[in-house]
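Subject: Structure handover

Hello,

Here is the structure you are taking over.

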Amino acid sequence: MISNPSLLSYTCIAKGTVVLAEFASSKEEPGIEEVALRCIENTPPHHSIFSHTVRKKTYTFSIDDESSFVYFAIVDEAMEKHESLVVLNRLRSAVEDLVRGGETLTDPSPRCLQSKMDPVFAEIVGGVDLELLDMMDLVGSPRESRNPSIDSSKGRRASLMPLLGKQLKALKKKNKRSHTEDEGDVGTMKEKKVDLCGNGNGGVSRKELRNGLLTTDHHHHRQKAKQTWKKHVWVVLLFDFCICAVLFGIWLWVCQGFQCVNG
């Protein structure tokens with residue numbers, strides 16, 4: 001689904017501040033899940049799409065205010081903007097399908113959708129068929145002889161990476177053909193992007209994120225105040241004009257035209 005899976009560092013689905021499912025690249029630095037959680041806790045209000053870049057990493061949010069779902073991704077700044085939106089849109093459609101299918105997410109527990117979203121993550125990073133994970137459970141060594149770390153969610157994701165790389169090579173031409181269609185689908189979406197300075201540690205701190213959000217909100221309120229002020233000025237001018245016109249009419253009526261001036 002994306003041309004270069006190595007540019008995707010992390011992606012997840014959250015409801016409020018509860019992470020329902022996540023994917024982290026096995027090559028990423030430790031602690032990226034904690035960085036992502038801090039970002040989700042500071043999800044920008046009044047936005048449907050929001051992104052900012054810190055030290056060559058782009059942090060992108062897709063926010064559904066009605067359902068309180070947040071779709072979040074950390075990608076390399078070299079990734080095309082439309083590709084990161086394709087990732088988030090794919091996660092959104094998968095969750096919507098689960099909800100329509102009767103999945104109850106009123107009071108979800110952490111990572112309650114992990115097993116159901118693992119096939120979607122596999123599809124995103126390598127174009128793997130959604131039935132691949134089921135085939136892995138049916139083919140190979142017996143369950144009791146497997147490595148326990150592979151059956152865990154993180155171990156399972158890590159073991160998929162070599163296989164996904166092979167699948168990506170086989171489907172590279174197909175991804176290129178679908179590249180243009182994906183760009184057209186997401187080209188109409190609007191995104192507000194803010195570039196912030198890094199803090200020198202390769203991640204984004206709570207303070208940096210909060211400052212970026214405050215700057216954006218301040219600019220929004222200033223523009224709104226300016227528009228309101230212009231509207232008030234026009235109202236006052238129109239009111240003054242009406243008063244002057246009425247007084248001028250009374251003067252003409254009293255003087256019966258311009259006789260007072262002629263006299």
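The notes below go from the whole chain to single residues.

This is a predicted model, in which local features need pLDDT of at least 70 and side-chain atom pairs count only at pLDDT 80 or more, while totals for chains, interfaces and linings use all residues. Residues are numbered from 1 along each chain as its sequence is written, and side-chain values use heavy atoms, with hydrogens and water left out.

The whole chain

The chain has nine helices and six strands; these are DSSP runs numbered from the N terminus, with helices being H or I of at least four residues and strands being E of at least two. Of the 263 residues in the chain, 36% are buried. Buried means under 20% relative accessible area, exposed means over 50%, and partly exposed is in between, using a 1.4 Å probe and protein chains only. The chain exposes about 16200 Å², and carbon and sulfur atoms supply 57% of that area. The areas come from the Shrake-Rupley method with a 1.4 Å probe, and for residues only the protein chains shown count as cover. Contact here means heavy atoms within 4.5 Å. Among contacts between residues at least 6 apart in sequence, 63% join residues at least 24 apart.

Nonpolar cores

A nonpolar core is a set of buried Ala, Val, Leu, Ile, Met, Phe, Trp, Tyr and Cys residues joined through side-chain atoms within 4.5 Å. The largest one has 24 residues, of which Leu8, Ile13, Leu91 and Met117 touch the most other members. At least two residues of this core come from each of β1 (8-15), β2 (18-24), β5 (69-76), α2 and α3 (114-126). Another core, of 18 residues, lies apart from it and includes Cys12, Ala24, Ile32 and Val54. Leaving aside neighbours within four places in sequence, Leu8 is in contact with Ile2, Phe23, Ser25, Ile74, Val75, Met79, Ile124 and Val125.

Helix α2 covers residues 81-100, which is 20 residues, and reaches 29 Å from its first C-alpha to its last, close to the 28 Å expected at 1.5 Å a residue. The expected span is 1.5 Å times one less than the number of residues. Among the buried residues of α2 are His82, Glu83, Leu88, Arg90, Leu91 and Arg92. Gly102 follows α2 and has a positive phi, near 105°.

Helix α3 has 13 residues and reaches 18 Å from first C-alpha to last, close to the 18 Å expected. Eleven of its 13 residues are buried, so α3 is mostly covered. The buried ones include Gln114, Met117, Asp118, Glu123 and Ile124.

Val19 lies in strand β2 and counts as buried at 10% relative accessibility. Val19 and Tyr71 are 52 residues apart along the chain, and their C-alpha atoms are separated by 9.7 Å. Beyond its neighbours within four places in sequence, Val19 is in contact with residues including Tyr10, Cys12, Leu37, Pro110 and Arg111.

Glu22 is also found in strand β2 and is buried, with a relative accessible area of 2%. Its side chain is joined to that of Arg111 by a polar contact of 2.9 Å. A polar contact is a pair of N or O atoms within 3.5 Å; within protein, one must be able to donate a hydrogen and the other to accept it, and residues adjacent in sequence count only if both atoms are side-chain atoms. The backbone oxygen of Glu22 lies 3.0 Å from a polar atom of the side chain of Gln114. Gln114 is buried, at 5% relative accessible area.

Most residues other than glycine have a negative phi. Arg111, in the loop between α2 and α3, has a positive phi of about 60° and is partly exposed at 38% relative accessibility. Ser68, in the loop between β4 (57-64) and β5, has a phi near 65° and is partly exposed at 37%.

Cysteines

How many disulfides does a search of the whole structure find? The search finds zero, where a disulfide is a pair of cysteine sulfur atoms within 2.5 Å. For Cys39, the nearest cysteine sulfur is that of Cys12, 9.4 Å away. Cys39 is buried, at 1% relative accessibility. The sulfur of Cys244 is too far for a bond because the closest cysteine sulfur, in Cys242, is 9.4 Å from it.

Regards
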